[in-house]
Amino acid sequence: MLFRSLVHIYGDIGILNDYRIMKSNRVLHNYSISLIGNGHSLDGAQIGLINFLKKDVKGAQISSIFNIIEGENTGAQIAGIFNISNGNKAYQGAGIFNISNADTKGAQTAGIFNISNGKMNGVQASGIFNISTEEMRGFQGAGIFNITEKEGNGSQFSGIFNSSGGFFDGIQAAGIFNTSQGHKGLQASLVNVTDDIKGVQIGLINYGRNVEGVQFGLININREIDGVPIGLINISRHGLSHINTWKDSTGFTYFGYQVGARNIYTRIFGGEYTESEGSQLVTGVGLGYHLGLGPLYIEAEASVKQLN
């Protein structure tokens with residue numbers, strides 16, 4: 001009798017604990033240990049193979065297989081396979097995936113993927129991918145990709161790509177490519193693409209519509225840049241694009257193409273020596289600075305040549 005009284009006061013132990021049947025709108029305080037837990041709401045701990053709750057969790061759901069909450073999680077969901085809640089304001093940790101069907105303000109960690117069907121303010125970390133269907137403020141780290149479908153503020157790190165459907169303020173770093181609808185901060189990947197950017201792009205190919213900062217890569221493309229493009233090929237719609245021919249003091253005649261931003265440019269050229277019998281060819285590439293002085297200009301250039 002004493003044990004039964006203690007169980008009814010402090011928790012429930014059994015094969016199947018159904019709090020909805022026992023008592024309408026029952027709130028579990030302290031704990032439940034069972035194979036299958038099914039209740040209304042939780043203010044304590046629920047431990048089992050499978051756990052269900054109709055309303056909110058304030059405490060911890062711990063399951064070998066999965067936890068499902070139709071309400072909001074303001075505690076911890078920890079499962080071997082997956083967790084699902086209608087909003088997460090604390091922590092979800094699972095071996096396979098976590099889904100929050102409303103805003104997330106906390107952390108999701110999973111072996112495969114995390115999804116927040118709402119605003120994400122906190123941390124998403126997974127082996128494959130993370131998705132936030134609204135704005136993201138915090139950190140996304142995944143082995144393959146991260147997506148925030150609206151604005152982002154924080155950091156995205158992935159093995160393949162990061163994508164922001166809106167303006168991103170922070171760091172995007174990926175193995176293959178980054179994309180955003182405007183950026184302030186750093187993009188680092190093989191390919192970086194954004195609209196207007198105020199910051200730095202580091203990659204093999206960089207594209208920014210209007211750039212205020214630095215583009216560092218093999219190919220840098222922009223419509224207009226207020227900063228420095230550093231690369232083998234720098235292309236700007238409102239920049240330099242000229243075909244040149246000249247002759248140097250050694251007797252070589254050159255033909256080249258000059259392309260770049262307003263000041264920094266790249267020149268690719270070839271030449272031929274024709275002042276003696278037989279001819280000698282030369283190819284090269286140069287990096288220079290162009291200073292416009294009305295109808296005149298001054299250029300300083302460093303180049304590398306290869307005799308053929």
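How many bridges join strand β25 to strand β26, and do these strands run parallel or antiparallel? The legends below, which describe close-up views of a predicted model, open with this pair.

**View 1. Strands β25 and β26 are joined in antiparallel fashion.** Strand β25 covers residues 252-260 and strand β26 covers residues 264-273; 9 bridges join the two, and they run antiparallel. Within this pair, Val 259 has Thr 266 of β26 standing opposite. Strands of a sheet pair through backbone hydrogen bonds, in either a parallel or an antiparallel manner.

**View 2. An open sheet contains 5 strands.** The strand order is β24-β25-β26-β27-β28, and the pairing is antiparallel. At the edges lie β24 (240-247) and β28 (296-307), each of which pairs on one side only. From one strand to the next, the twist averages 20°.

**View 3. Parallel strands β4, β6 and β8 are linked through asparagine residues, among others.** Strand β4 (residues 57-69) runs parallel to strand β6 (residues 82-85), and 3 bridges join them. Asn 67 has Asn 83 in β6 as its bridge partner. Strand β6 is also joined to β8, by 4 bridges, and these two strands run parallel. Here Asn 83 is paired with Asn 98 in β8.

**View 4. The largest nonpolar core has 11 residues.** Its members are Ile 50, Phe 66, Phe 82, Phe 97, Ile 99, Phe 113, Ile 115, Phe 129, Ile 131, Phe 145 and Phe 161. Two or more residues of this core come from each of the elements β8 (97-100), β10 (113-116) and β12 (129-132).

**View 5. Ser 163 is a buried residue of strand β16.** The strand comprises residues 161-164. Ser 163 is classed as buried because its relative accessible area is 19%, and the cut-off for burial is under 20%. Apart from neighbours within four places in sequence, Ser 163 is in contact with Asn 146, Ile 147, Thr 148, Gln 156, Gln 172 and Thr 179.

**View 6. The largest pocket holds about 160 Å³ of space.** This pocket is lined by 14 residues, of which Asp 103, Thr 104, Lys 105, Lys 119 and Asn 121 are the closest to its centre. Strands β9 (104-110) and β11 (120-126) are the elements that give two or more residues to the lining.

Notes
Residues numbered from 1 in each chain as written. Predicted model: local features only at pLDDT ≥ 70, side-chain atom pairs only at ≥ 80, totals over all residues. Heavy atoms only, no water. Core = buried A, V, L, I, M, F, W, Y, C linked by side-chain atoms within 4.5 Å. Buried < 20%, exposed > 50% of the residue type's maximum accessible area, 1.4 Å probe, protein only. Pairing = 2+ DSSP bridges. Axes fitted to C-alpha atoms, helices over the stretch in contact; angles between N-to-C directions. Contact = heavy atoms within 4.5 Å. 1 Å grid on protein atoms, 1.4 Å probe; cavity = no way out; pocket = protein on both sides within 12 Å on 5 of 7 lines; lining within 4 Å. Points joined across faces, edges and corners; volume = space filled by probe spheres on them.
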